[in-house]
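Here is a short briefing on one protein model. It covers aromatic contacts, a helix and a pocket.

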Amino acid sequence: RVDSTSHTTLSDGICLHHRNGLDWQEHCNQWENIPDGVWRKNCMNDRKLPLHELVRYRIPAKYPKSWIYYIGDEEPSEYLIEDFKSDGISLIHREKHNLLSDEDIAKAARLKTLHISAETHRNLFEVVDYFTCAEIESFIGNSVSTFSANQIALRNGMKSSWYNSRSIPLGEVLPVYHIPLVYTYTEESQGLGKSLLKASILSVRGTFGMSADIHILYHGQNDWQFLMWLKKYSVIVHTHEPQWLDMIETMRQNGNPAHSHLFLHQGNYIGTWQRIDLPLFIDAEYVLFVDSDTIISNTFGMHDFGLDVTPGLAASAEADEDFKVPWNVGVVLFNVPKLRETHGLFMEFINSHTDNPRFANNNISDQGAYLEFYADVTQFLDTTFNVKPYWGNRRNFKDRKIVHFHGLKPHDFLKIFMGYPVDSWAVALHSLLSKKGKKMEFVCMVMHDFSKFVSKDEENLREYCENAFGRDGEKKVDVCIKFFSDLGAEEGDNVSCAKHIDSSFINVRTLLGLFSS
């Protein structure tokens, strides 16, 4: 508890570390102007906004806070206390509010003298504040400060944000700052979606272990078996009840299925829009949003996004890997406070497009909405974070961090191996299928990535294959199960898809014409 008389608990509060003293301002002036070409523009308040506003944008509406333990270069002014009070937050300061006397600190440290002060024992008071802060669940600080950077590291980068925003300089030499991963899910989506999502979550746990937080905005309350499965793998579930369902359904009905297969299914379309409510739930400075049809292949952290990290969002290429323009939002790096600050305006913008879900550059739906509305604060995300199976640049596959089965899913490639005709797929996917005339030598490599994780849950693998091949008979379901199980058991990247398919089902000409293995 915070104190003996309050009903407030540690989870209701935030530790706020604020640097604004004259010595810090001088340090920032020197540090930001070192003439070495390194980006250093985030030493003070982001965009010079008032501190209480920056803190407000770092508190999710679904998990409000009532008090802040304030650590600063000086006592908080009455003006600052009133600013926070206007937001319904009590600002608490150890010395100003007599939470712990200097004499008690001296006794606890077993000093010979009880007459101590911040001037004579500065390091001791910093230690007291440091360990007090470490006990509080959420943290907001200044990422340039070593004190703040250490607090963020203590929390593995989780439930941590920084009011100066952008990068953590210490992360360049100490790559310990993890980034939360966020998914969305609706129980109204097709069964294949849940199976793909499970495989993706298993890939996070298989790659990161328990060191990375996984969040999911979950729409529905009936699938208790899946909710228990998520709990088993320590996924943080946020109950999501969107207030915009009618608006998005109107947009879907006005969409053209020839432009996107998502317009064909109400549940799938809801799922693609769920991310717009992400800032209402997530307590973090940055998150990496990933679609359910992704596989996490290698570890990464904040340091992989550079010092000049996006102030809004970062997205990568889509069909053409050489077209270095933010386009595909199946994997997105989001600045959560920016999303929170602009959430209301973004919703109004979306609502103005319900009659025609097309946005700038003929982009559609949520992808078009994000790229148009946040155009001024969007950066390019390195292609290794969103590698498509049909790409061909060897560097992307060698250094891949995330594989994204955009358009064609793993079972679609298996169907191609088996010679399924083009009209087996929705019209919107025909442009990808037309790539059959080109070598896709790395498809088996990323199919192996998927197989390693989908095969770890035998029940999920069976459900996946039944959803994908059930209409074609049990024999093809068995072919699917055997293929992904056998391929997943192989080691290394130099794998062959052909040898794991029963010869009576394989289309040899297709395989030889399409793949190198």
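One aromatic cluster is formed by Phe334, Phe346, Phe349, Phe359, Tyr370, Phe373 and Tyr374. The model is predicted. The count of aromatic pairs comes to 29.

**Aromatic pairs**
- Tryptophan 229 pairs with tyrosine 233 in a tilted arrangement, at 4.6 Å centre to centre and 45° between the planes.
- Tryptophan 229 and tyrosine 233 are buried.
- Phenylalanine 263 and tyrosine 269 have ring centres 5.2 Å apart and planes at 40°, so this pair is tilted.
- Phenylalanine 263 is buried, and so is tyrosine 269.

**Charge over a ring**
- Lysine 415 places its charged end over the ring of phenylalanine 469.
- The distance from that charged end to the ring centre is 5.4 Å.

**Helix α9**
- Helix α9 spans residues 245-253.
- Its buried residues are Met247, Ile248, Glu249, Met251 and Arg252.

**Second largest pocket**
- The volume of the second largest pocket is about 640 Å³.
- Its lining has 25 residues.
- Nearest the pocket centre lie Gly72, Asp73, Arg122, Glu126 and Asp129.
- At least two lining residues come from each of β1 (13-18), β2 (67-72), α5 (122-134) and α6 (146-154).
- By class, the lining holds 12 charged, 7 polar and 6 nonpolar residues.

Key: Residues are numbered from 1 along each chain as its sequence is written. This is a predicted model: local features need pLDDT of at least 70, side-chain atom pairs count only at pLDDT 80 or more; totals for chains, interfaces and linings use all residues. Side-chain values use heavy atoms; hydrogens and water are left out. On a 1 Å grid over the protein atoms alone, a cavity is a set of points where a 1.4 Å probe fits but cannot get out, and a pocket is an open set with protein on both sides within 12 Å along at least five of seven lines; lining residues have an atom within 4 Å of a point. Grid points are joined across faces, edges and corners, and a volume is the space filled by probe spheres set on the points. Helices (H or I, at least four residues) and strands (E, at least two) are DSSP runs, numbered from the N terminus. Ala, Val, Leu, Ile, Met, Phe, Trp, Tyr, Cys and Pro count as nonpolar, Asp, Glu, Lys and Arg as charged, and the others, Gly among them, as polar. Buried means under 20% relative accessible area, exposed over 50%, partly exposed in between (1.4 Å probe, protein chains only). Rings of Phe, Tyr and Trp (its six-membered ring) pair if their centres lie within 6.5 Å; planes under 30 degrees apart count as stacked, over 60 as edge-to-face and the rest as tilted. A charge sits over a ring if NZ of Lys or CZ of Arg is within 6 Å of the ring centre and within 35 degrees of the ring normal.
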